[in-house]
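Hi everyone, thanks for coming.

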Amino acid sequence: MRNLKKFLALVLAMMMTLSLMVTVNATNVEFDDGESVNDAFIDDLTVLAGMGVIQGMDDGNFAPTSTVTRAQMAAIVYRLRTGDASADPEYKDKSNMYAGYGDFKDVDDSKWFAGYVGYCANAGIIIGDGDGNFRPNHNVTGYEALVMLLRAMGYNQPNEFTGKDWRQHAASIATQRGLLNKVNTTVYRGTLMNGAAREVIAEITFQAANQAQVVYTAAFGYQTTGMSGGVTGTTENPTLGYQYYGLASESSIILGNQATGESCTLLGVDSVEYEDAAGATHTADTTY
């Protein structure tokens, strides 16, 4: 009972907040112009850069407001979808084995992006402009980037993103899955028609990496379960980030008492771990 009273006293005096901790086996990456990255995106960008999914410029900058080409977007999706990436600048991926898979008239097999484009074409993530071209050096729009990421997550039914309303359809799914949550709180809200900024691409890619992949059945449509077997399954499908990089997030309730310096973390329904003002750690039993 003494431990319970201690815990209740702390709860009454403390402020409760939710802490999200992202853990991934990744290299720490810093950019010379990191302070210019939008505050809403910096943490997510840092994780992606540490994974090697998105990379900086040769001069050590990230250039957050510069645009991304369609070829560069294909490279980002390739890394996210295969796990074939590293923050080590000396790392050489295996994308060249897919050069020529896309059969686009404007993608020469000798170009640096040929393998990335070939992989994405072979996986049904990109389909070109309908005239046999990919337009690799054109800026990718926000809508186009969303479509590529959604297809990488499993939204790949025939004609899924075609027709006059394909942009609205892509934005609707992306909104439902949380890809645009942070983007819509910044100056980029409503600018998906334009060439996408590098920091926006990093943000929506990070969110896509942390949403469960989907599988499709005629009876149930898209489901976030089912990859482990069965019609819809009972186990949540893995995220791309977890499947290929071991990326996971953990949340906990953090309690703190400014007056005494005590803090504690809710471990579960029946117990709580807290640190007192002297720095000693205690586990309180909350059952009664």
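A quick word on terms first: helices (H or I, at least four residues) and strands (E, at least two) are DSSP runs, numbered from the N terminus. Counted that way, the protein chain has eight helices and seven strands.

Please keep in mind that this is a predicted model, where local features need pLDDT of at least 70, side-chain atom pairs count only at pLDDT 80 or more, and totals for chains, interfaces and linings use all residues. Residues are numbered from 1 along each chain as its sequence is written, and side-chain values use heavy atoms, with hydrogens and water left out.

Now, how much of the chain is buried? By buried I mean under 20% relative accessible area, with a 1.4 Å probe and protein chains only. Of the 288 residues in the protein chain, 42% are buried.

My favourite piece is helix α5, residues 142-153. From first C-alpha to last, its 12 residues reach 17 Å, close to the 16 Å expected at 1.5 Å a residue; that expected span is 1.5 Å times one less than the number of residues. Is α5 enclosed or open? Since 12 of the 12 residues of α5 are buried, the helix is largely enclosed by the rest of the structure. Among those buried residues are Tyr 143, Glu 144 and Arg 151.

And what covers them? The cover includes α3, α6 (166-176), α7 (198-209) and α8 (240-245), counting contact as heavy atoms within 4.5 Å. Finally, just after α5, Gly 154 takes a positive phi of about 120 degrees.

Methods. Buried means under 20% relative accessible area, exposed over 50%, partly exposed in between (1.4 Å probe, protein chains only).
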